Amino acid sequence: MLEQVVSWLAYGSLAIGATSAYLHLNKLWSRKHIPEVAASISISGTLLETVPTIVFGVYFLTRKDPVGAIDSLIWLIAAVGFIMIGSGYWVKGRRKKGLLKLALGSLKSESREVGYLASGLLHPTSSSELIVLLQRLAEVDGEVSHAEVELVNEVASEMNLAITIVPHPVSFSRTERLLNIRAALQQYLQRTPPKEHVEKLEHLLYRLTSSDGENHADEESSVAEVSGVIKSYLKDEDTNYSYRVLLAPQSEDQLSRISALLNDVRPHSDAGGRGVTVGEFHTREYADAICHEYRDLGFFCVVTDEAITTQGEGN
C-alpha cells in the first residue's frame, strides 16, 4: 500500500515539475523579443545545469526508472528554451545570424561580464587579499584549471593588480588546501572591506567553482564554510563556530608531528585526555573533510560540537 502511494506521489511530482518548467518559460516567452530579457539569461549557467540533469537522466534510464528519466527530460527541454531565449533568437534583427552563432556570441559576452562584479568588489586595501582568496579556492580540488585562471586573472586585471596565474597542479596536501581557504578569508576580512562588497563575494566564489564545469565536493564544502563566515561578518556578529576538529596524540612522537603540521597548536586536557584543537568551523562537511585527512595520516581525530577549553602548552 505504502509503495503504491509513493508511486502515485512520484508521478504527481512529474506534473508539478512540468508545471514549474512551464511557468518559468511562460514568464520569459512573452518577453523573448526584448534584448534586456535575453541578456539577463545566463547560457553558461544553463549549460552547467544540464550536465547533472543528463547524468541523472541516463542513471534513471539504466535503472529503468521512468519517473526520474521523464523529469530529467522535462528540464532538458526547458533548458533548450532558456538557451534559445538567452541567445536573443527572437530579438528583432538577430535571427538571421543563426542560433549557434547567437549562443556563442552570448557566451562570449557573458564571460566579459565578470568585470562588472569585480568592479563592485574593488576596495584598494583588500584587493590583493581577495585575489589570494580566489586563488586558494581555485586550488582546493588539487588543480587550477584554464577556466579558473581566466576568471582570476580577469578579476585581478579589473582591480589593476599586476597578478597573473597559469593553470597548474597543486602540490599542497588536501588538508593544507582546505585550511588555506579559511586563512585567506580571514586575512581578507581583517582588512574590513565594506559590507556591500562582501555581499557580492559569495556570488563570485560560486562563479569560480562552476567556471570549469565540474562539481567537486571540496569546492562545495569550502564555499559553504566561507558563506557561514561571511554571514557573521555582515551581521557584525562574533564568528560562532559550530564544529571543532580535535586530535588526540597517542605518543610524544605524534604530538611532535602535530606541532610540525600546525602553526597554532592549542592543547587542552578537559575532554577526557590530552588533545589538540585543529580548528573551529561552521559546517560539518568541512570539518569532516579536514578530520578525514588527519585520520589518513595516522592520528586519532574527532569532530565535536561541544565547547573545548584550551590552555597553553605549559599549563
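The buried residues of H8 are Glu-148, Val-149, Leu-151, Val-152, Asn-153, Val-155 and Ala-156. Buried means under 20% relative accessible area with a 1.4 Å probe, protein chains only. This is a predicted model, with local features needing pLDDT of at least 70, side-chain atom pairs pLDDT 80 or more, and totals for chains, interfaces and linings using all residues. Residues are numbered from 1 along each chain as its sequence is written, and side-chain values use heavy atoms, without hydrogens and water.

**Exercise 1.** Check the length of helix H8 (residues 146-158).

*Solution.* 
- Helices are DSSP runs of H or I, at least four residues, numbered from the N terminus.
- The expected span is 1.5 Å times one less than the number of residues.
- For the 13 residues of H8 that gives 18 Å; the end C-alpha atoms are 18 Å apart, so the two agree.
- After H8 comes Asn-160, with a positive phi near 60°.

**Exercise 2.** Describe how H9 (residues 174-190) packs on H11 (residues 217-234).

*Solution.* 
- Take the angle and distance between axes, which are lines fitted to C-alpha atoms over the stretch in contact, with angles from 0 to 180 degrees between N-to-C directions.
- The angle is about 25° and the axes lie 11 Å apart.
- H9 is therefore roughly parallel to H11 (angles under 35 degrees).
- Now list contacts, meaning heavy atoms within 4.5 Å. Arg-174, Leu-178, Ile-181, Arg-182, Leu-185 and Leu-189 of H9 meet Asp-218, Ser-222, Glu-225, Val-226, Val-229 and Tyr-233 of H11.

How values were computed: Helices (H or I, at least four residues) and strands (E, at least two) are DSSP runs, numbered from the N terminus. Angles under 35 degrees count as roughly parallel, over 145 as roughly antiparallel, 65 to 115 as roughly perpendicular and the rest as oblique. Buried means under 20% relative accessible area, exposed over 50%, partly exposed in between (1.4 Å probe, protein chains only).
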